[in-house]
Amino acid sequence: MIKERISEDMKAAMRAHDAATLSTIRFLLAAIKQREVDDRIEANDELVTTVVAKMLKQHHDSVAQYRQAGREDLAQKEEAEIKILTRYMPEMLSDDELTTLIDAVIAELGVSGMAAMGRVMAGVKTRAAGRADMSKVSALVKARLLA
């Protein structure tokens, strides 16, 4: 389970006196705990992946903002945290795998044209949860539906 692996990594970071990794992992565990309390559930791998993906998106946005403001030091700190958080994400789907998945969803739904964009995106999102950049998926779905 991913949550257990995160806890073990936190212990290893404590033993290694790795303050940067430790603070990132603690922040991640706090976010997971918050979701557990808010939703009154025990975190499974899907929930952990969702939390990590949300944090990664926030960090990527922060990097862009820091670079725009000329704060390279803070951007580098955020990038270091992105590397740590990326360890807990499942393997990303390749472009070929995404295209195959999108084609399968389109065939399964038996749809065509841009009017079906939402239905296709919903089908792909459930199957590629946490394993694909949804903006990239959106562009690929659009291209497939217009073809």
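User: Which exposed residues sit on the face of α6 turned away from its buried side?
Analyst: That face carries Lys125 and Thr126. Exposed means over 50% relative accessible area, buried means under 20%, and partly exposed is in between (1.4 Å probe, protein chains only). Helices are DSSP runs (H or I, at least four residues), numbered from the N terminus. This is a predicted model, where local features need pLDDT of at least 70, side-chain atom pairs count only at pLDDT 80 or more, and totals for chains, interfaces and linings use all residues.

User: And which residues of α6 are buried?
Analyst: In α6, residues 117–127, they are Met117, Val120, Met121, Gly123 and Val124. These lie on the same side of α6 because they cover an arc of only 165 degrees around the axis, taken from the directions from the helix axis to the C-beta atoms.

User: What covers them?
Analyst: The cover includes α5 (95–109) and α7 (134–146).

User: New topic: where is His17, and what is its phi?
Analyst: His17 is in the loop between α1 (2–15) and α2 (19–39). Its phi is near 55 degrees, a positive value in a residue other than glycine. Residues are numbered from 1 along each chain as its sequence is written, and side-chain values use heavy atoms, with hydrogens and water left out.

User: Is His17 buried or exposed?
Analyst: His17 is exposed, at a relative accessible area of 73%.

User: What about Arg40, where is that one?
Analyst: Arg40 belongs to the loop between α2 and α3 (45–68). Phi of Arg40 is near 55 degrees, again positive in a non-glycine residue, and Arg40 is exposed, with a relative accessible area of 78%.

Conventions
Helices (H or I, at least four residues) and strands (E, at least two) are DSSP runs, numbered from the N terminus. Contact means heavy atoms within 4.5 Å.
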